[in-house]
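Subject: Structure handover

Hello,

Here is the structure I said I would pass on. My notes on a few residues follow below it.

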Amino acid sequence: MIKKFVGDKKSITANSSDGRIWQGQLFQSGRVTKFSEATWKEVEELARKHGMRPADPTP
């Protein structure tokens with residue numbers, strides 16, 4: 001399962017095989033920050049903190 005969030009010069013791509021543990025990358029202004037072992041709530045919080053919205057608005 002892959003989820004994407006987008007914002008002004010920022011994006012997050014997160015993936016999970018079981019829907020519980022997520023890993024992915026935060027792209028912002030040419031920099032890449034990787035994360036792993038995140039919960040879905042943490043991924044959503046990161047997106048909200050950076051002012052991003054889901055790339056695909058369907059749940």
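In which strand does Glu37 lie? Glu37 is part of strand β4. Please keep in mind that this is a predicted model.

Glu37 has a phi near 55 degrees, a positive value in a residue that is not glycine. Most residues other than glycine have a negative phi, which is why I picked this kind of residue out. Glu37 has a relative accessibility of 63%, so it counts as exposed, the cut-off being over 50%.

Ser29 is also not a glycine, and its phi is positive at about 50 degrees. Ser29 sits in the loop that runs between β3 (22–28) and β4 (31–38). Its relative accessible area is 62%, and Ser29 is therefore exposed.

The other residue I looked at is Ile12. It belongs to strand β2, which covers residues 10–15. Is Ile12 buried or exposed? Ile12 counts as buried because its relative accessibility is 0%, and the limit for buried is under 20%.

As for its surroundings, leaving aside residues up to four places away in sequence, Ile12 touches Lys3, Lys4, Phe5, Gln25, Leu26, Phe35, Leu46, Ala47 and Met52. One of these contacts, Met52, is 40 residues from Ile12 along the chain, and the C-alpha atoms of the two are separated by 8.4 Å.

Regards

Definitions and conventions
Residues numbered from 1 in each chain as written. Predicted model: local features only at pLDDT ≥ 70, side-chain atom pairs only at ≥ 80, totals over all residues. Heavy atoms only, no water. Helix = DSSP H or I, 4+ residues; strand = E, 2+ residues; numbered from the N terminus. Buried < 20%, exposed > 50% of the residue type's maximum accessible area, 1.4 Å probe, protein only. Contact = heavy atoms within 4.5 Å.
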